[in-house]
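Me: Could you take me through this model feature by feature, giving the general idea first and then the case at hand?

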Amino acid sequence: HIMPSKACSVAIAGVGAYAAAQAFLAPSVSPQVNQQQVRNLRQQPAATESSSTAAGALTLGVAGVAVASAAQVGKRTARRSQVVRQATAVAEKVFTKMPASVKPGVVTGQALVDLLNYAKENEFAIPGVNVVSSSSVNACMEAAKKAGGPVMVTFSRGGGQFLAGKAADNTDDAACIAGTVAGALHVRQVAKLYGVPVILHTDHCQKSWLPWFDGLIEASEEYFEKNGEPLFSSHMLDLSEESLEDNISICKKYLERMAKINLLLEMELGVTGGEEDGVDNTDVDSSRLYTQPEEVWQVYEELSSVPNGNFTVAAAFGNVHGVYAPGNVSLKPVILHNTQKYIKEKLGCESDKPVSFVFHGGSGSSLEDIRYAIEAGVVKMNIDTDTQWAFWDGMNEYQKKNKDYLQAQIGNPEGAEKPNKKYYDPRMSLRSGEEFMAERLVKCMEDLKCIDRL
């Protein structure tokens, strides 16, 4: 075994240190060893110099370069780790008012049940907002962050298809399923960064749309196998057009499947009037707009028998989708109060509000009706029409404000050759839409008393 000379040791140390230093002084540039310095060091006299030791020094010097490259990778890894730590810090944020199980990000299973019970006990409701793009998703969570309350991000079947792209093949609801799942994964990635609890929900699903519903449950089952929780928080079945018996039996069948992966079911009784996302109930018999307590009891009795089954009820009390002139909508939230009393008597329980209700057709409702419904155990109110208008209004206001800069790619009041790219960049008008929608949603959260609840 031949030991390296002192000169070779200097060469080893010099080349290695130089290369490592380069990695930290100029990490964006590949470290280059000064070959003349290496040659000078190698040519210094040594007590026992040989070709093998010189070669060894050079080899180890090259190793120094490799070490420097590894150092660069290490710095990149450190930066990535820092990002992960920051995201983890957000996820580990502790809410001082919420149940301990509720954390920032998507809420599922027992944490979702705890959150809804907390809302019912403290008499506030969570806004359930329909979304059709990442921009409307972001507006929802931005509003929740500003208001200091939880939010429900809701994908409809049509909204899911829009996310996938209208030109995508929708055979067997493939695009509707893929777009909704893609939207859910987007929410999963960014929700924690807003520091608020987010309920990931899907909207009305009638009987003819069950293939879409099945596809979403399959996605949650696959996600559950890998992550121990479902992809979504909850799903809604709207079988109000079916007989009460069929409505209950189909809901129970699905709840038995959903309960195995901690998915919550929202079901509908009676009919929500008006028109939304391809469902037109504008000419429905008015008697179907009002649910009877006995019907809710039948639902409660059957669905409560499902092990680990959790559910909410959208009981109709005159609700109508859309915004109409005053006098055209007759809400009767007293129906919800009477239903709670009826079921409490049936159960013989201490709770005055055994049922968790949800409020559909909330856009344009009076504050008095909204607050009275919340007192009856409403834990979530849907909002779509008003937030759709707000998003459009924001984009329209941007267009009006910058009209002279949006007529051509080049040429504006500042000069015939001035470019307008920064004005017609889609992010500019979309951001204005997000801001207006978030502002309107904060107002909604004020109406629902969903402010400073974390």
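Reply: Helices H7 and H8 are oblique to each other, where oblique is what remains once angles under 35 degrees are called roughly parallel, over 145 roughly antiparallel and 65 to 115 roughly perpendicular. The model is predicted, so local features need pLDDT of at least 70 and side-chain atom pairs count only at pLDDT 80 or more, while totals for chains, interfaces and linings use all residues. Residues are numbered from 1 along each chain as its sequence is written, and side-chain values use heavy atoms, with hydrogens and water left out.

Me: What are the angle and the axis distance for H7 and H8?

Reply: Two packed helices are described by the angle between their axes and the distance between those axes. Helix H7 (residues 174-190) and helix H8 (residues 210-227) pack at about 40°, with axes 9 Å apart; axes are lines fitted to C-alpha atoms, for helices over the stretch in contact, and angles run from 0 to 180 degrees between N-to-C directions. The contact (heavy atoms within 4.5 Å) is made by Cys176, Ile177, Thr180, Val181, Leu185 and Arg188 of H7 with Pro211, Trp212, Gly215, Leu216, Ala219 and Tyr223 of H8.

Me: How is H13 placed against H15, and at what angle do they pack?

Reply: H13 and H15 pack at about 140°, with their axes 7 Å apart, and are therefore oblique to each other. The residues in contact include Ala390, Phe391 and Gly394 of H13 and Leu430, Gly433 and Met437 of H15.

Me: What span should helix H13 have, and which of its residues are buried?

Reply: The expected span of a helix is 1.5 Å times one less than its number of residues. The 17 residues of H13 (residues 385-401) should therefore span 24 Å, which agrees with end C-alpha atoms 24 Å apart. Helices (H or I, at least four residues) and strands (E, at least two) are DSSP runs, numbered from the N terminus. Buried means under 20% relative accessible area, exposed over 50% and partly exposed in between, with a 1.4 Å probe and protein chains only. In H13 the buried residues are Asp386, Thr387, Ala390, Phe391, Gly394, Asn396 and Tyr398, and what covers them includes strand S2 (126-131), helix H5 (134-147) and helix H15 (426-447).

Me: Which residues touch the most other members of the largest nonpolar core?

Reply: A nonpolar core is a set of buried Ala, Val, Leu, Ile, Met, Phe, Trp, Tyr and Cys residues joined through side-chain atoms within 4.5 Å. Here the largest one has 103 residues, and Val187, Phe213, Leu237 and Val313 touch the most other members. Its largest share, eight residues, comes from helix H9 (residues 244-259). Leaving aside residues up to four places away in sequence, Phe213 touches Cys205, His235, Met236, Leu237, Tyr254, Met258 and Leu265.

Me: Where does Asn262 lie, and what is its phi?

Reply: Asn262 has a positive phi of about 65° although it is not a glycine, and lies in the loop between H9 and strand S6 (264-269). Asn262 is partly exposed, with a relative accessible area of 30%. Asp452, in the segment after H15, also is not a glycine and has a positive phi, of about 55°.

Me: What share of the chain is buried?

Reply: Buried residues make up 49% of the 454 residues, in a chain with 15 helices and 13 strands.
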